[in-house]
Amino acid sequence: MDRTRIVVIAALLALAGVALPLATAVHLAQQRAVAAEQRYLQQLARKALDRAQQSFADARSVLREMQATPLTPCSDAHVRLMRALTLRNRNTDDIGFFNGDQLACTSAGAAEPGITRSKDDFVTADGIGVSLDLAPQASPGIVMVGMALGHYKLLIHPVRFADVLAEPEIDLAIALSDGRLLGSLHEPLPEGVRRLLQTGKTDQTLLYALERDEHLIAVAAEPRSRVLTPLRREMRWLLPLGALMAALIVAVVAWGLRRRLSPLGELKMAVARREFVVHYQPLIELATGRCIGAEALVRWRRPDGSMVRPDLFIPLAEDSGLVLPITDQVIAEVVREMRAALVSDRDLHIAINLSAQDIRSGRVLAVLAQALQGSGIAPQQIWLEATERGFMDADAARATINRARAAGHAVAIDDFGTGYSSLSYLQGFALDALKIDKSFIDTIGAETVTSSVTPHIIDMAQALGLQVVAEGVETQAQADYLRERGVQFAQGWLFAKALPAAEFLAFARSRQAKTQAGT
Ligand SMILES: Nc1nc2c(ncn2[C@@H]2O[C@H](COP(=O)(O)O[C@H]3[C@@H](O)[C@H](n4cnc5c(=O)[nH]c(N)nc54)O[C@@H]3COP(=O)(O)O)[C@@H](O)[C@H]2O)c(=O)[nH]1
């Protein structure tokens, strides 16, 4: 994935990371505010139902007391008792005694003649007859609820059934289970609440709670706009929390982006995606001009097709330990690309660069053995190169070199002369070849201080029985000089740069053809 795509994805993630917690905070605040209001309405509805049940219970006990009195109906004492009970009981507004269906007297005294008893709308399980919407002749314009037992009927003002302390915007109402209104806190009752009592449903503008018992339904309702107050309260703490979460997500995204776009992050991804390719720099036998093999040189091919030179990422790969999987990928590529050529030409070899860590751990040998298994490539056809840095841990290096050679590989010391090791130090290691660094080859023919070192390195290497490879040969004069001094092999731009597999194989074939033709 290229940098632009990564940045775009990170920006989208950051945007989502801001939007999501903020939207969640608002949504949560809304839910909590609605739930809080709902709970409050539920409490009010419960209280209203309790209040209505209390009204019924009080009425029932007054009626029973009157039923039980031995006083002569409508006598002074009887009327006094009815008045006393009316005054004492705040759920009773008037009591009447009926002779047959004619009202004989009330708590106010003898009744006007001709007032007949109205019919009950329903009878409770304990025999109390309830009549709604009574219009007593004694108090015109007022609608009352009547409750009757035997000869007695008492009147209750409807507001007593829902007489609960609540804010003015809240509507409280009590109805019979069939929806007929018994009483409400405010008059007139809004249409939405009336519909709610009758159908159990209403529009979205109301927030409400219902409570029921066997006979009654209590409703508490308020306009949905009232939620704004608790909503603001919830937002005061949830929004900062959402903002904090958003900031955290943005910080994590920014951190991830920095990591991902850091050179190490990019290299890790490259390893995971196996973005490494191998080029092959031909190795020439100076005496014959024949191509006897190649050095495998890794390149990092970025998703946009650009190639990154190894000296730009190998040091980071070595510092981070990523060089180990990179070596593994180089081995796999060499086997995949060179298998056929190596099997058909047993004189051909490929040299693979090992890092200091590969040499120290020695695990690369198992990886190599497994890659070669069944490939038909002879271990002798794979040379291993290590720089002087790989020899710092002498015991580990010695063990790895010995195991590599025992497996059949030739081992060369690379970039010789650039480190601190001397030829005598190298005597302690069983090596096959020494590659003289380009910086020494560059001095050939030039009158520099280090010019005299190059023939000395060649002589000492030969004395130690090592094959000598000259690196970075760029001129024919250098090649001639090296051949005259007995250096067997050379590589460098004089012959060819590092080439992709197919080009290298074509180069090797044409070189073979030329040497066979004797040119
Ligand atoms: N651990 C591993 N290290 C590796 C691997 N592949 C490469 N490397 C190391 O990276 C360094 C740079 O390599 P590269 O850019 O490929 O350069 C090589 C040649 O292209 C260059 N060269 C060869 N001939 C000439 C020449 O005539 N002139 C000139 N200016 N440059 C030339 O030299 C590099 C080869 O170096 P060496 O390995 O020392 O033979 C380099 O240190 C590589 O070792 C890998 O797979 N693993």
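In which helix is the place of Trp255? In this predicted model, Trp255 lies in helix H4, which spans residues 228-261. The relative accessibility of Trp255 is 55%, so this residue counts as exposed, the cut-off for that class being over 50%. Trp255 also contributes to a nonpolar surface patch of about 450 Å², together with Leu244, Leu248 and Val252.

The UniProt record, an unreviewed entry, carries the annotation "transmembrane region" for residues 237-257. In the model, the chain over residues 237-257 is 100% helix and 0% strand.

A search of the whole structure for disulfides returned one. The bond is formed between Cys74 and Cys105, with an S to S distance of 2.0 Å. Distant parts of the chain are linked by this pair, the two cysteines being 31 residues apart. Cys74 is found in the loop between helix H1 (3-68) and helix H2 (76-88), whereas Cys105 belongs to strand E2 (residues 102-106). The angle about the S-S bond is -85 degrees, and the link of Cys74 and Cys105 is left-handed.

The cysteines were also examined for accessibility. Cys74 has a relative accessibility of 29% and therefore counts as partly exposed. For Cys105 the value is 1%, so this residue counts as buried; the cut-off for buried residues is under 20%. Cys291 is likewise buried, because its relative accessible area is 1%.

Technical notes
Residues numbered from 1 in each chain as written. Predicted model: local features only at pLDDT ≥ 70, side-chain atom pairs only at ≥ 80, totals over all residues. Heavy atoms only, no water. UniProt positions renumbered as here; feature names shortened; annotations may be inferred. Helix = DSSP H or I, 4+ residues; strand = E, 2+ residues; numbered from the N terminus. Patch = residues over 30% accessible without salt bridge, like charges linked within 9 Å, V, L, I, M, F, W, Y side chains within 5 Å. Areas by Shrake-Rupley, 256 points an atom, 1.4 Å probe, with all protein chains shown as cover. Salt bridge = Lys/Arg side-chain N within 4 Å of Asp/Glu carboxyl O. Buried < 20%, exposed > 50% of the residue type's maximum accessible area, 1.4 Å probe, protein only. Disulfide = S-S within 2.5 Å.
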